[in-house]
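Let's take a friendly walk through a few helices and strands. Have the sequence and the 3D view ready as you read.

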Amino acid sequence: MGLVNIKTKKILFGMLFLFFIPSIAQSHNHETLNKDSLHEVARNLNKLGDEMYQINYDSSIQYYINAKKIFENLKDWESYIKCSNSLTSMYYLKRDYKRNKTSAFVTLDEAEKYLGKSAEQYIIALNNLSGYYKLTGNFKKAINLLNLGFSSIKSDFKEELLEAGFLYNLGSLYSLMGDYKTSLNYYNKALIIRLNSLSKENIRVIINKLSISNQLSKMNQYLESLIVLKECEEILVKNYNKKEGLIGKTFIKVYYNISKVYMEQRDYDNALNYMQKALPFYLKSNLYRKFEYYEQLGDLFLKSDQPLKGIEYYKKSNSFLSSWYKDEKGINVIAISYHKIAKIHLSHGAFKKALKNIQSSFSSLTETFNTKNHFTNPSLTNIPKRTLTLNILLTKSDILYAMWMESKENAEILQHAYDQYIYLSEFIHQLRFDLLSVKSKQLISEKIVSHFEKAIEISLVLYQQTNDPKHLEQAYHFAEQNKAITLQESIQENLAKGFGGIPDTTLEIEKDMRLEIAFYEKQIYEEKLKGEKTNEEHLKTFESTLFDLKRDYERLVEQLEKEYPKYYELKYKTELPKVAAIQAKLSNGSALIEFFSGEETIYAFVFTKEQLEVIELPKAEGLTDQISQFKDLINNPPVNDRAQKDFQDFTQMGFDLFENILQKPLSILPKSIQQLILIPDGELTYIPFEILLKDLTDKERVNYSLDNLSYLMEDYQVSYSFSSKLWLKNMGQLGGQAKEPFLGFAPVFGQAIADARRDCSADELYSLNCNKEEINTVHDMFGGHIFTDLAASKGNFEDQASNYQILHLATHACLDDENPMFNKIWLSDDYVSNNDLYNLSLNADLAVLSACNTGSGQLVKGEGVQSLARGFLHAGCPSLVTSLWSVDDCATSDIMIRFYEHLKEGNTKNKALQLAKLEYLKEADKLHQHPYYWSAFIQIGNPIALDFVGLNWTFIFVGLGILIVLFFLLKRKSKIEI
């Protein structure tokens with residue numbers, strides 16, 4: 001039977017029901033219809049509502065309303081609430097958000113009243129209410145509701161398809177938050193459950209796959225996305241010959257998404273071809289769906305360099321949307337369309353039109369914002385905190401910046417641009433609280449770098465014009481706001497756990513959950529490393545277990561935030577440091593230089609005890625490549641046949657980098673400054689600044705000695721930090737918690753080889769020649785305890801590390817740029833990864849990572865290097881000595897021993913390292929004077945001298961002297977008395 005005949009029969013049957021409904025509803029107190037008959041009528045109406053929603057929303061809604069009335073009169077509350085839930089869903093599908101909101105809240109209240117919180121329909125009502133919060137951008141609230149409902153399903157119903165629906169909706173929320181990987185995990189989990197109960201041809205399965213393909217596209221995995229989409233297309237074409245209703249909408253989604261993937265791949269012909277395939281389905285769909293067709297064409301023409309045609313289609317899209325929504329607010333799709341038009345006008349210099357459309361975009365999103373003043377913004381308390389709003393704000397900031405650039409004499413526009421960047425900064429600060437995953441926060445950091453560069457420029461112009469220090473401090477805040485944010489938040493959360501009033505028993509449960517999560521993350525990581533030998537069954541089991549553990553942990557954290565307000569307050573206390581606070585921690589002989597590396601300018605914020613100055617350094621052309629080449633020159637051993645050229649390149653680039661980056665900032669410092677605290681940014685994090693050259697030299701003769709080259713480290717003791725806020729925190733950490741002075745590890749592996757490096761470049765880890773001598777020598781200086789050979793195990797590290805003031809690991813380390821949480825430093829039986837370190841609590845004042853690449857790793861723009869050093873900082877170590885590249889075994893050992901000798905003399909950590917390098921360089925032969933051998937190690941964090949744990953012999957000798965004097969005095973006195 002064809003679809004038309006089915007549709008006709010349903011509509012005729014439905015019309016008969018609708019005609020008799022008034023009399024049926026009124027006759028329930030009479031004998032004309034008994035309760036059983038009324039139940040049958042209501043059930044049929046409800047069934048018609050279920051079937052008609054594929055064809056006509058309004059008819060479906062009317063059937064549910066009439067069925068609901070009868071169930072209410074019969075006091076059949078379960079069926080009544082079920083109808084209410086169906087109505088809520090229909091209002092959502094119809095995009096009638098006002099009635100969706102009312103229905104969602106009323107239904108949840110009535111479900112609790114009539115059925116109780118354990119009822120299935122109450123749980124479905126939770127799901128529907130979460131949909132409302134999703135629309136209004138309150139993602140945390142939406143996730144909380146879904147988690148609450150999901151917990152009840154797991155414990156009471158074991159209803160797989162209902163469980164899959166909740167998982168699917170959670171995936172949708174994480175996608176909106178920009179956490180595409182987590183979203184993909186939820187969609188995959190929902191698909192597995194659905195395939196247990198449904199065939200692969202089922203529409204819900206196909207829609208689930210469409211959502212998976214969307215996440216793959218958002219992660220730039222276009223080929224994988226297209227494979228999934230083509231599978232869906234093949235199933236639809238083969239099994240469904242329907243052109244309307246739910247099937248038609250599914251065809252639309254498949255063709256639309258295939259077109260979108262082709263568009264991203266710049267295959268505009270195929271993109272247009274698939275939109276033409278979709279057109280017949282759009283023509284038969286309801287009015288709302290047609291906007292999508294025009295918006296996609298707008299995107300297509302915009303990307304293919306036909307912007308004016310793109311605007312034409314965006315306007316058509318908006319026309320449809322406005323007809324559908326009328327005066328409703330909070331509608332994403334309208335806001336997106338206005339935003340795209342604004343961006344096109346911006347690109348053409350039509351700033352007033354661009355601003356007008358941006359304000360229309362805001363007006364579409366927020367219920368209370370309706371001003372025609374183009375320079376105002378919605379209240380931060382009402383604006384939806386989501387990535388769409390961020391994109392609109394970024395575009396508005398760009399518009400105002402462009403307007404100021406066009407007319408730099410316009411003081412009013414300058415002030416508006418400055419105010420806009422302040423507003424943007426405050427919004428981002430709030431937005432980060434709403435984002436749950438590290439990845440989504442890192443994506444924000446990457447996105448806003450270029451915008452903060454403009455914000456700094458605007459602030460400094462205002463400072464020059466007004467001489468008001470608040471503008472200078474604001475410029476610094478823009479630079480600082482985007483540095484190591486996820487690391488700082490994680491450390492802050494640890495602090496909140498310790499001081500938030502949470503009972504020890506609860507903290508133990510929380511810690512056990514984190515450790516279990518870390519265990520399964522490691523199992524999955526190592527199983528995937530097996531490649532073709534991966535056991536897929538094991539992998540699925542691990543992933544399923546991890547999925548459940550993470551969900552349980554999220555619910556625990558949610559509970560802690562609700563039940564312990566002090567914990568919540570401390571966790572989200574993320575104020576930026578004041579200039580005065582930084583200056584108060586600086587000594588008269590120290591200076592802090594914080595860099596911000598933008599697209600066109602590097603800003604150096606130079607702090608001393610008395611002043612803050614900002615140096616603008618135009619970014620030299622090819623700087624990134626130059627830094628990369630310079631790093632390559634110094635992080636590999638010298639090669640004879642190119643020694644001359646390498647030396648010439650090193651001296652030229654070493655001087656050029658000094659001249660372009662450091663010369664101006666250092667020129668304004670007082671002569672008394674001997675200590676530099678450097679906070680690099682972007683590509684600057686890859687080089688040790690102390691190796692830069694203050695002067696050019698004779699490049700004809702290869703000579704890396706101090707007699708020939710003027711290294712920066714001769715004049716300054718240098719230390720580093722990820723941000724000034726972290727530096728302040730590290731400077732405030734007090735020692736004295738550790739019970740013992742020194743703990744050293746020198747593991748053994750396979751055979752020892754000559755010229756060993758402390759990296760993981762080979763498939764096999766080789767034993768090192770000099771690591772045992774290194775830790776034995778240091779142990780002789782300080783005492784404490786050492787583990788060598790097989791005893792240098794992961795278990796001994798985890799058991800003992802929290803008891804020692806100095807941790808020293810002389811071993812191999814290796815990077816994993818694809819998964820920085822599994823950067824690893826090796827012990828005899830296993831490795832310690834960042835994943836492990838984030839679950840440890842250490843009391844060490846200093847951690848020395850005498851291995852390769854412990855201070856380097858994947859660079860996340862705006863966030864910093866994802867190194868092992870971050871893991872030790874997170875675990876509680878305020879100071880580190882770490883390496884920037886693969887280091888030579890025995891040269892490293894020599895420098896480390898010298899470092900400890902100077903540390904024991906009472907020198908600061910950065911001075912001890914400076915002296916160790918200078919001494920090594922003075923005594924090294926010509927080969928080993930090459931920077932590869934001695935310049936990799938840097939000091940991060942608190943540089944102050946150590947107050948060593950254990951016996952203080954100076955005080956002991958003084959005390960003994962006093963006792964001896966007292967003894968003789970007393971003896972003399974006794975003789976006099978006799």
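Val-848 stands opposite Val-881 in strand E15, and His-808 stands opposite Val-848 in strand E12. This is a predicted model, where local features need pLDDT of at least 70, side-chain atom pairs count only at pLDDT 80 or more, and totals for chains, interfaces and linings use all residues. Residues are numbered from 1 along each chain as its sequence is written, and side-chain values use heavy atoms, leaving out hydrogens and water.

Helices (H or I, at least four residues) and strands (E, at least two) are DSSP runs, numbered from the N terminus. Two strands pair if DSSP finds at least two bridges between them.

| Strand joined to E12 | Bridges | Direction |
|---|---|---|
| E8 (residues 804-810) | 5 bridges | parallel |
| E15 (residues 879-883) | 2 bridges | parallel |

Why is E12 (residues 846-850) called largely enclosed? Because 5 of its 5 residues are buried (under 20% relative accessible area; exposed is over 50%, partly exposed in between, with a 1.4 Å probe and protein chains only). Leu-846, Val-848 and Ser-850 point one way, while Ala-847 and Leu-849 point the other way.

H17 (residues 351-365) reaches 21 Å between its first and last C-alpha, close to the expected 21 Å; the expected span is 1.5 Å times one less than the number of residues. In H17, 11 of the 15 residues are buried, among them Phe-351 and Leu-365. Helix H16 (332-347) and helix H18 (387-406) are included in what covers them.

The end C-alpha atoms of H23 (residues 504-528) are 36 Å apart, which agrees with the 36 Å its 25 residues should span. Its buried residues include Met-513 and Tyr-520.

Methods:
Contact means heavy atoms within 4.5 Å.
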